[in-house]
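Hi everyone, thanks for coming. Let me put the model up, and we'll walk through a few parts of it together.

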Amino acid sequence: VIVEDCFNLLLNLLQTNYSNQSFFKEANYIKKICKYLDLNSSTPSSMSLNGLDQDPNTTTTSTSWTLQKTTNLSLLLKLIRCLVAPNNSQQIVVDCQKAFSHFGLLHRLCALLILPGVPADLLSESITTVAEVIRGNTAN
């Protein structure tokens with residue numbers, strides 16, 4: 001619940017506030033939010049999302065998508081979309097898109113799309129987030 005409150009606070013601070021968005025980007029906080037989408041492997045059967053339950057007695061991960069974890073990830077995806085929203089300054093959008101690619105966040109988002117067992121609503125938000133991150137950026 002604390003993580004949810006923190007993500008809500010960040011989202012409220014960043015939405016339509018270009019000064020806060022610039023500070024967030026320049027202070028390398030994009031790199032820090034990548035840790036919340038930490039995937040251990042590139043194969044779908046052994047991927048794990050940081051913070052989700054894993055069964056240490058098995059070789060594959062047992063991902064438990066609780067309501068709280070789904071809510072937290074949904075807020076994180078909204079936070080990412082907030083930084084590349086089309087109503088933002090074009091410079092902020094381009095810089096954030098470059099940072100998302102540079103720090104591996106785009107790769108992690110794409111890997112989330114093939115993670116088994118992802119709830120449908122979270123999967124649709126992930127697809128929308130990937131689309132926002134790559135919109136208008138040929139490198140992405």
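Asn87 sits in the loop between H4 and helix H5 (90–102), where helices are DSSP runs of H or I, at least four residues, numbered from the N terminus. This is a predicted model, in which local features need pLDDT of at least 70 and side-chain atom pairs count only at pLDDT 80 or more, while totals for chains, interfaces and linings use all residues. Residues are numbered from 1 along each chain as its sequence is written, and side-chain values use heavy atoms, with hydrogens and water left out.

Asn87 has 48% relative accessibility, so it counts as partly exposed (buried is under 20% relative accessible area, exposed over 50%, partly exposed in between, with a 1.4 Å probe and protein chains only). Leaving aside residues up to four places away in sequence, Asn87 touches Thr16 and Tyr18; contact means heavy atoms within 4.5 Å. Thr16 is 71 residues from Asn87 in sequence, yet their C-alpha atoms are 8.1 Å apart.

Now, which residues of H1 meet H4? Among them are Val3, Phe7 and Leu14 in H1, and the H4 side includes Leu75, Leu79 and Cys82.

Finally, a word on confidence. Mean pLDDT, the predictor's confidence in each residue from 0 to 100, is 84 for the protein, with 82% of its residues at 70 or more. Over residues 41–48, though, pLDDT is below 50, and it stays under 50 over residues 51–62 as well. Where pLDDT is low, the predicted coordinates should not be read in detail.

Conventions: Helices (H or I, at least four residues) and strands (E, at least two) are DSSP runs, numbered from the N terminus.
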